[in-house]
Amino acid sequence: MNALAALRSAWRALAANTLRSILTMLGIIIGVAAVITMIAVGQGATERVKEQMKGLGSNIMLIFPGTITQGGARLGAQTGQSLTEEDALAIALEVPEVQVAAPVSRTGAQVVAGNANWSTSIFGTSNDYLEARDWTLESGRLFEAAEMAGSAKVAIVGQTTARELFGDADPLDQVIRIKKVPVTIVGLLAKKGQNANGQDQDDVVMVPISTYRNRIQGGNGGKARRVGSISVTIKEGQSMKAAEDNIKDLLRQRFKIQSGGDDTFTIRNLTEILQAQEASSQVMTLLLAAVAGISLVIGGIGIMNIMLVSVTERTREIGLRMAVGARGRDILTQFLIEAVTLSLMGGAIGVVLGAFATWAVGQFAGWQVSMTPSSIALAAGFSGFVGVFFGFYPARRASRLLPIQALRYE
C-alpha cells in the first residue's frame, strides 16, 4: 500500500465516525490554541520590557540624593539634597567606565504659548542627558556651549508638549513662557513613548541647567548648584558593577563619609532592573507554554484511546487486509496516518483559534501580545509529534495482529 492509498483509507475511516473524530481533536485544538496564546502573551510582555529598556537608554544608572535625619527621625528618600553639578562633572571625568554624567533638576509648571497653556514637566539639564537616554532630535538643534554657560532663554520640547501648545504647527523658534520666563524653542525631541511607570516621556520641556537654576528656579546661595539627580551612562563593554562601585567610592570621598557610615546618596542600576524583568517575562513565557502544553499531552492521550478503540472495532477488517496480502507495516502506516491526520487537523484549527484568542486578548484586555511564526510552527509541530507519539502504540498493536485470530474476532 502506497502512502496516498493509506491516506485515502485513513480519511475514509475518520469520516465514517465524524463526531468521534471531532471530539478526539478537541484536546489538540484547545492545546494548540492555548500554547499560541500563552506564548503570544509572554512574548508581548518581554517585548514591552525591551521597549522600556530602549526608551530608557543603554547602560544607564540614576544617582539620587539620600536621606537626612532630624531629631532622630529619618525623613525619607531624596530628602538630603547633596548632589551638585560638580559631582556630575567629577563622575564624568574621574570614573573611567562612565561615558556621560548629566545633572538633572526637575519641576512641574504651567507653560503658556499664545492663547494655549499646558501643565508639563520642566527639566534643567545638559545635552549629555539626551546622550544618556539615547534620545535624538526630530528637528532643530541641541543647546550651544554659550547658552549652557550663560543661562540662555532656550528650550527643547517633547512631542506631547509641542502638540498641546501648537497643534500641527512647527514649534521651532516659537516662544513659550515658563513661570513668566519667555524661552525660545530650538529643538523638538523624537517620540519616546511611555516609561516603565506608564508616564508620558514626551510631555517635557528641557532647558539648560543654568537657565533652570538662575531663571526658573532662582538661585539661592549655597543651594544654587544642587541637582535632583544625575543620569549616568556606562561605556559599551564596561562592567556596570565596577562602574557602580567606582561611582560610590568617588561620591563617598567627595561627601567625606567615614568608613562604615551610611551613604547620603542612592545609585539605581535601571538596566539591571529591566533585564531582571525581561528574564522574569521569559521564564513566565516558558511556564505558560508548559502549562498549555499539558493540554496537548491530554489531547494525545485522547487520540491513543480512540485509536485503541478503533483497532478493536476493526479487528476483522485488519485480518481481512492481511489475508489478501497487506503486510504489518502497511497496517501500521495506515493507523499511524489516521492518528497524525487527527492531530494535524486539530492543530490547524487550533492555530486559527489561537490567533483569534491572541487578537481578543490584545483588543479587549489591553495587553501587549506578539504572535510570531515560530510560536505557530512550534505549536503545530508539537501537535504532529503528539500524533506520532501517541498513535504509534495503537498502530503497532494493529500491525502485530495474526490474520487467523483477527478473522475469528467477533
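Ala-395 sits in helix α12, which runs over residues 373-399. This is a predicted model, so bear that in mind throughout. Ala-395 has a relative accessible area of 0%, and therefore counts as buried. Leaving out residues up to four places away in sequence, Ala-395 touches Leu-332, Phe-335 and Leu-336. Thr-333 is 62 residues from Ala-395 in sequence, yet the two C-alpha atoms are 7.3 Å apart.

Next, helix α7, residues 209-217, where we find Ser-210. Is Ser-210 buried or exposed? Its relative accessibility is 4%, and the limit for buried is under 20%, so Ser-210 is buried. With residues up to four places away in sequence again left out, Ser-210 is in contact with Glu-147, Met-148, Ala-149, Ser-151 and Arg-215.

Arg-215 brings us to the surface. There, Arg-215 belongs to a patch of positive charge, together with Lys-153, Arg-177 and Lys-180. Of these, Arg-177 is part of strand β8, which covers residues 175-178. Arg-177 is classed as partly exposed because its relative accessibility is 40%, and that class lies between the 20% and 50% cut-offs.

Last, helix α6, residues 159-166. How many of its eight residues are buried? Six are, so the helix is mostly covered. The buried ones are Gln-159, Thr-160, Thr-161, Ala-162, Leu-165 and Phe-166. Directly after α6 comes Gly-167, with a positive phi of about 65 degrees.

Definitions and conventions
Residues are numbered from 1 along each chain as its sequence is written. This is a predicted model: local features need pLDDT of at least 70, side-chain atom pairs count only at pLDDT 80 or more; totals for chains, interfaces and linings use all residues. Side-chain values use heavy atoms; hydrogens and water are left out. Patches are made of residues with over 30% relative accessible area and no salt bridge: like charges are joined within 9 Å, nonpolar side chains (Val, Leu, Ile, Met, Phe, Trp, Tyr) within 5 Å. Accessible areas come from the Shrake-Rupley method with a 1.4 Å probe; for residues, only the protein chains shown count as cover. A salt bridge is a side-chain nitrogen of Lys or Arg within 4 Å of a carboxyl oxygen of Asp or Glu. Lys and Arg count as positive and Asp and Glu as negative; His and the chain ends are not counted. The place of a charge is taken as NZ of Lys, CZ of Arg, CG of Asp or CD of Glu. Helices (H or I, at least four residues) and strands (E, at least two) are DSSP runs, numbered from the N terminus. Buried means under 20% relative accessible area, exposed over 50%, partly exposed in between (1.4 Å probe, protein chains only). Contact means heavy atoms within 4.5 Å.
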